[in-house]
Amino acid sequence: MPSSDLPTLPPGTTVLERGWLSANNIVCVGEDTSAVVDTGYCTHAAQTVALVGAALQGRPLALIANTHLHSDHCGGNAALQQAWPAARTLVPPGQAAHVRDWDPQALSYTPTGQECPPFRLDGLLEPGYMVRLGAHDWQIHAAPGHDTHSVVLFEPRHRVLLSADALWQNGFGVVFPELEGAHAFADVEATLDLIAGLAPRTIVPGHGAVFTGVDAALDTARRRLDGFVRDPARHALYAAKVLLKYKLLEWQSIPLARLHAWADATPYFGQLHAGHFADQPRAAWQEGLVQELVRSGAAHLDGNTLHNA
């Protein structure tokens, strides 16, 4: 691609692209301070500490920042705090009280059947303000939709956006507030409009490779959103498959009986079934999700055991 189309990051910025179980980690190093944005899932915490340590090249970690508090974005916080006890941790304001009181129900970990070790909170990423990450000041923008309380971070000099799950190269994250009964598709559209207005040159998504071609990504996201608006059950089915695949990424393999026991005990599956698929017996619906993962190549069956693929 032409050099003008190559991703350009602010000096001192390293993107640690992770697998889909863990969100990408962005390490920002300056002469006097260093930071990491988002910390992955808890089962990858030891790897996160090692990767961040290597990127810091012997410097201490001063700041941990989370774009939002889904388990794949903050699951490494506790391990990083243990490795660098002096590091301050900043989160968006919307769920700060739930972190201080450590409420896994309100923080979504219980409803999704996921895990996140408790961590310490030291301050807030307030939309409308700036945060110093390494050698550069980044704007904090509210970015509701995928998560009501999410923020994105924009470095205007180099026009780089840390978009979290508000925009990927091929879409955006599950709109979880919609699954909880809120009308959040409009928030997704507003956040896409925000990103278009910022006109970033380079996007660092929460998952996947750093990319340019922002207009094409926004067009893809808008078309995907339009399909969900026209058919909310399509979004609900997508969400159910994502939740199942995500847990399979953690397990790697699981007997079907254990998988269905987990889904039976995970509140989001009950909500999704009752809200959109109540015309089907729940057991048959859940088995259909497994078969869809197999048909798509995202999983394979060996007898009564489901394996990640």
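**Reading salt bridges and a sheet in a predicted model**

Me: Which residue forms a salt bridge with D137, and how far apart are the closest N and O atoms?

Reply: D137 forms a salt bridge with R132, and their closest N and O atoms are 3.3 Å apart. Please keep in mind, as you read on, that this is a predicted model.

Me: How many salt bridges does the structure hold?

Reply: The structure holds seven salt bridges, including one in which the side chains of R120 and D122 meet at 3.0 Å, N to O. R120 has a relative accessibility of 34% and so counts as partly exposed, while D122, with a relative accessible area of 31%, is also partly exposed.

Me: Where do D226 and R230 lie?

Reply: Both D226 and R230 lie in helix α8, which covers residues 214-230, and they are four residues apart, about one turn of the helix. Their side chains meet in a salt bridge of 2.9 Å, N to O. As for accessibility, D226 is partly exposed at 39%, whereas R230, with a relative accessible area of 62%, is exposed.

Me: Turning to the strands, what is the order of the five strands in the open sheet?

Reply: In general, strands of a sheet pair through backbone hydrogen bonds, and the pairing is either parallel or antiparallel. Here the open sheet of five strands has the order β7-β8-β9-β10-β11, and its pairing is mixed. The edge strands, each of which pairs on one side only, are β7 (130-133) and β11 (202-205). From one strand to the next, the twist averages 30°.

Me: How many bridges join strand β8 to strand β9, and do the two run parallel or antiparallel?

Reply: Strand β8 (residues 136-142) and strand β9 (residues 151-155) run antiparallel and are joined by four bridges. If you wish to follow the pairing at the level of a residue, take Q139, whose bridge partner in β9 is F154.

Me: Which helix packs on the sheet, and which strands does it touch?

Reply: Helix α7 (residues 185-198) packs on the sheet, where it touches β8, β9, β10 (160-164) and β11. The direction of helix α7 makes about 150° with that of β8.

Methods
Residues numbered from 1 in each chain as written. Predicted model: local features only at pLDDT ≥ 70, side-chain atom pairs only at ≥ 80, totals over all residues. Heavy atoms only, no water. Salt bridge = Lys/Arg side-chain N within 4 Å of Asp/Glu carboxyl O. Buried < 20%, exposed > 50% of the residue type's maximum accessible area, 1.4 Å probe, protein only. Pairing = 2+ DSSP bridges. Axes fitted to C-alpha atoms, helices over the stretch in contact; angles between N-to-C directions. Contact = heavy atoms within 4.5 Å.
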